[in-house]
Amino acid sequence: MLYRLAADALLVTHLLFILFVLLGGLLLLRWRALVAVHLPALAWGAATEFFSLPCPLTDWENALLRAAGESGYSGGFIEHYLWPLIYPGGLTPTVQFWLGVLVLLVNAPVYLWLLFGRRR
């Protein structure tokens with residue numbers, strides 16, 4: 001039971017991390033110091049999508065699920081939990097590349113504004 005609760009807590013943390021990568025740049029408009037946390041998270045999130053890197057949180061979730069007596073899931077967090085919510089079927093490298101582009105496009109205006117817009 002404890003392993004299952006830990007797996008669920010990690011699942012929620014994983015989702016919050018993804019949301020932070022995607023939309024965390026908006027928090028910089030209010031709290032600029034978060035750039036020290038968001039920029040590495042953004043780089044990791046984009047690199048994960050561009051280079052199909054395995055996410056350590058996914059491996060950790062699967063290990064906790066197996067310890068709880070359940071089977072882990074195949075693929076990554078996005079493929080397993082988020083992709084089925086948006087589209088049925090599998091995640092291709094091309095789609096994964098465009099997800100990485102989306103992460104950068106969502107955050108680029110905020111970073112550009114922070115770098116150049118506030119100086120005026």
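A: A nonpolar core is a set of buried Ala, Val, Leu, Ile, Met, Phe, Trp, Tyr and Cys residues joined through side-chain atoms within 4.5 Å; buried means under 20% relative accessible area, exposed over 50%, and partly exposed in between (1.4 Å probe, protein chains only). The model is predicted, so local features need pLDDT of at least 70 and side-chain atom pairs count only at pLDDT 80 or more, whereas totals for chains, interfaces and linings use all residues. Residues are numbered from 1 along each chain as its sequence is written, and side-chain values use heavy atoms, with hydrogens and water left out.

The largest nonpolar core has nine residues: F20, V21, L28, A41, L42, V103, V110, Y111 and L114. At least two residues of this core come from each of helix 1, helix 2 (35-51) and helix 5, with helix 5 giving the largest share, four residues. Helices are DSSP runs (H or I, at least four residues), numbered from the N terminus. In soluble globular proteins, nonpolar side chains tend to be buried together.

Helix 5 (residues 93-117) also holds W113, which counts as partly exposed because its relative accessibility is 40%.

A further buried residue is E61, located in helix 3 (residues 56-67).

How values were computed. Lys and Arg count as positive and Asp and Glu as negative; His and the chain ends are not counted. A salt bridge is a side-chain nitrogen of Lys or Arg within 4 Å of a carboxyl oxygen of Asp or Glu.
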